[in-house]
Amino acid sequence: MPPPGSGKPRGVGAAGGAKGGGGRSAKRGGVRGGGRSAAAGKESAEYRPSSNDDSEESSGDGSPRQPRGAKTRCVQREESEESSESLPEARPSDDEEEEEEQEEESMRDDTLLDQIATCIGKLAKTHPAGVLAHFNADHLQLYSGLVSSGITAHRRIGVCVFDEVIENLEEPGQGMMMQLLPHLVALVADPQPEVRQAAVYGLGVCAQFGGAVFAGAAPQVMQAIQQMMGAPDARSEANVMATDNAVSALGKAIEFHGASIDRVNAVQFFIQYLPVTGDAAEGLVVHKRLVLLLEAGEPVVFDSPEAMLPKILVIFAAVLDTETIDEEGTAKVKALMTRLNQDARLAGPTTAAFQALNAEGQGKMTALMAA
């Protein structure tokens, strides 16, 4: 799912079959606000202590700060001899007020750009011919400027525009992909996770609809995605949404471009990362794609069942009864397990894989088969 703020990263979207490829979960996944949380924006816009408010406002370092405009509570000298002078009234500095105004203005600009990205995506969906005719080199140069910006929100929004146009145009958008793919591949290494999330989401869209254009760039795309997935902190709270979208993009590359990539390596990398735990919408898509691979007799798994089935059952046990697999997917897992247990060659490795599960995993698999 692309990151929030972009009008779509899924991170939360409709999960569909292979073509749906991930719906729109936070498409912009879990991070939509371009670096600023919605909560922070609300506080900035709404929290304004009045001059009569006795409450304390927390300063940036966590210590309480005198409420803006509040009267000092010291006792005046004429009322008590205990104090020789009154404390000065606390007022925000001009620099603080200017900084707040600039931040609010920046947030308004980011919101506007997000809305523009969403509008462009809807236009591409409802008027594809018009967008193809008018989203020309000048527009691509404009949004290329956004993705090159030093401002995180601008890079994210620029990428999301690319994502929206390509996803909604589908195959007719291939003419733009040759210019867009290098930007997306480069931004997979962006220091900010919301930008990476939007970039790998876009690569997944290109894998799905890019045809020969994507096939020509597939080796570079695979290298970028696998480097991102293999990072030591790939599953950290800050990075997991972006990484889950990278896994989804890898799954699409396997499905649509198996002949253009090192398929064995890609499938192994794909399976070893699972289950998807951060982006539920992408999880639905990814886990469904895994089941489809297994239903089709994926050689990487069934040529080495003793090595691969233990991991497959760990994934199944982890996702059952979660929001990352739906009723249809659960039914497919049950049917697949029935087939494995009835297969003379695979029944033994399947039983061994079941026995290697922890008690919780065995309980979930047993309940599935008994349902």
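A crossing of two helices is called right-handed if the near helix is turned clockwise from the far one by less than a right angle, and left-handed if anticlockwise. Keep that in mind. What you see here is a predicted model.

Start with H13 and H15. H13 covers residues 305-319, and H15 covers residues 347-355. Their crossing is right-handed. The axes come within 8 Å and cross at roughly 45°. The pair is therefore oblique. Who makes the contact? From H13 we have Pro305, Glu306, Leu309, Pro310 and Leu313. From H15 we have Pro349, Thr350, Ala353 and Phe354. Sort them by class, and the contact of H13 with H15 has seven nonpolar residues, one polar and one charged.

Stay on H13 for a moment. Lys311 sits in this helix. Set aside neighbours within four places in sequence, and Lys311 touches Ile271, Gln272 and Leu274. Lys311 and Val301 are ten residues apart in sequence, and their C-alpha atoms are 9.7 Å apart.

Now follow the chain out of H13. Asp321 lies in the loop between H13 and H14, and H14 is 327-342. Look at its backbone. Phi of Asp321 is positive, near 65°, and this residue is not a glycine. Buried or exposed? Asp321 is exposed, at 72% relative accessible area.

Next pair: H10 and H11. H10 is residues 263-273, and H11 is residues 280-295. They pack at an angle of about 130°, with the axes 12 Å apart. That makes H10 oblique to H11. The handedness here is left-handed. On the H10 side, the contact uses Arg263, Phe270 and Ile271. On the H11 side, it uses Val286, Leu290 and Leu293. By class, H10 with H11 gives five nonpolar residues, no polar ones and one charged.

The peptide bond between Leu274 and Pro275 is cis, with omega about 10°. Where is Pro275? Pro275 is in the loop between H10 and H11.

H5 spans 152-169, and H6 spans 174-187. The packing angle is about 140°, and the axes are 11 Å apart. So H5 is oblique to H6. This crossing is left-handed. H5 brings Arg155, Val159, Phe162, Asp163, Val165, Ile166 and Leu169. H6 brings Met176, Met177, Leu180, His183, Leu184 and Leu187. The contact of H5 with H6 has ten nonpolar residues, one polar and two charged.

Between those two helices is a loop, and Glu170 is in it. Glu170 has a positive phi of about 60°, although it is not a glycine. How accessible is Glu170? It counts as partly exposed, because its relative accessibility is 29%.

Take Lys125 first. Lys125 is in H2, which is residues 94-126. It is exposed, with a relative accessible area of 60%. Lys125 and Val165 are 40 residues apart in sequence, yet 8.1 Å apart from C-alpha to C-alpha. Val165 is among the H5 residues that meet H6.

Then Tyr143. Tyr143 belongs to H4, residues 137-147. Tyr143 counts as buried, because its relative accessibility is 9% and the cut-off is under 20%. What does Tyr143 touch beyond four places in sequence? Its contacts are Ile116, Ile120, Phe135, Gly158, Val161 and Phe162.

Tyr143 and Cys160 are 17 residues apart in sequence and 9.8 Å apart in space, C-alpha to C-alpha. Cys160 is buried, at 0% relative accessible area. Cys206 counts as buried too, with relative accessibility of 0%. How many disulfides? With a cut-off of sulfur atoms within 2.5 Å, the count is zero.

Quick recap of the helix pairs. H13 with H15 is right-handed. H10 with H11 is left-handed. H5 with H6 is left-handed. On the backbone, remember the cis bond between Leu274 and Pro275. Remember the positive phi of Glu170 and that of Asp321. That's it from me.

Technical notes: Residues numbered from 1 in each chain as written. Predicted model: local features only at pLDDT ≥ 70, side-chain atom pairs only at ≥ 80, totals over all residues. Heavy atoms only, no water. Axes fitted to C-alpha atoms, helices over the stretch in contact; angles between N-to-C directions. Helix = DSSP H or I, 4+ residues; strand = E, 2+ residues; numbered from the N terminus. Parallel < 35°, antiparallel > 145°, perpendicular 65-115°, else oblique. Contact = heavy atoms within 4.5 Å. Nonpolar A, V, L, I, M, F, W, Y, C, P; charged D, E, K, R; others polar. Buried < 20%, exposed > 50% of the residue type's maximum accessible area, 1.4 Å probe, protein only.
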